[in-house]
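Here is a set of questions and answers for a first look at a protein structure. Please keep the sequence and the model in view while reading.

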Amino acid sequence: MILLLWREVLKFGLVGGTGWLIDNGLYAWLWHGPMSGSTIKARVVSTAVATIFAWFANRYWTFRHRRSDHVWKEFSQFLLMNGLGLGIVVACQFVSRYVLGFTSFSADFIAGGVVGLVLATIFRYLAYRYFVFTVELADIDTPEPVGLAGPGSA
């Protein structure tokens with residue numbers, strides 16, 4: 001049980017790290033390029049792309065032993081939890097930019113891509129584990145109990 005939890009956390013961390021590179025790499029490109037006038041929208045786009053990657057990686061690798069046959073239900077729950085996680089990221093960046101007045105790329109990156117992402121990652125792991133990927137492997141693979149005397153006894 002504990003080994004499974006640590007394996008999940010390690011895989012989730014690897015998926016998250018890769019998602020972080022996708023999110024922030026795309027965000028940097030959008031911030032300095034086509035979306036330079038709309039940095040909050042750039043963050044939403046980059047996070048959306050990273051979310052699609054994370055869905056596949058978490059469903060088919062990290063939580064493969066917990067996924068259900070209800071793909072669309074899981075996907076909609078995953079999107080909802082990621083929307084809430086995105087809200088955490090954007091709120092951190094919004095406060096930094098519009099409340100505290102930090103408008104540089106570095107400030108946006110630290111507020112959204114580091115502080116916000118750390119908080120959102122903690123939220124997402126707990127949300128995925130307890131609300132999205134909830135089917136236990138034991139629930140699926142456990143055979144029906146047989147009588148105390150074993151099979152074939154009267």
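A contact means heavy atoms within 4.5 Å. This is a predicted model, in which local features need pLDDT of at least 70, side-chain atom pairs count only at pLDDT 80 or more, and totals for chains, interfaces and linings use all residues. Residues are numbered from 1 along each chain as its sequence is written, and side-chain values use heavy atoms, with hydrogens and water left out.

Q: What share of the contacts in the protein with a separation of 6 or more comes from residues 24 or more positions apart?
A: The count takes in contacts with a separation of 6 or more. Within that set, residues 24 or more positions apart account for 73%.

Q: How many helices does the protein have?
A: Helices (H or I, at least four residues) and strands (E, at least two) are DSSP runs, numbered from the N terminus. The pattern along the sequence is α-α-α-α-α. There are zero strands, and the number of helices is five.

Q: Is Phe-131 buried or exposed?
A: Buried means under 20% relative accessible area, exposed over 50%, and partly exposed in between (1.4 Å probe, protein chains only). Phe-131 sits in helix α4 (residues 105-132). Because its relative accessible area is 53%, Phe-131 is exposed.

Q: Which residue is joined to Arg-43 by a salt bridge?
A: A salt bridge is a side-chain nitrogen of Lys or Arg within 4 Å of a carboxyl oxygen of Asp or Glu. For Arg-43, the closest N and O atoms of the pair are 3.4 Å apart, and the partner is Asp-23. Arg-43 belongs to helix α2 (residues 39-62) and its partner to helix α1 (residues 2-32), 20 residues apart. Both residues are buried, and the partner asked for is Asp-23.

Q: Which helix holds the salt-bridge partner of Arg-59?
A: Arg-59 forms a salt bridge with Glu-74, with 2.2 Å between the closest N and O atoms. Arg-59 is in helix α2, 15 residues apart from Glu-74, and the helix of Glu-74 is α3 (residues 71-99).

Q: Why does the pair of Arg-97 and Asp-108 tie together separate parts of the sequence?
A: The side chains of Arg-97 and Asp-108 meet in a salt bridge (2.7 Å, N to O). The pair ties together parts eleven residues apart because Arg-97 lies in helix α3 and Asp-108 in helix α4.

Q: What is the relative accessible area of Asp-108?
A: Arg-97 is buried, at 14%. Asp-108 is also buried, and its relative accessible area is 0%.
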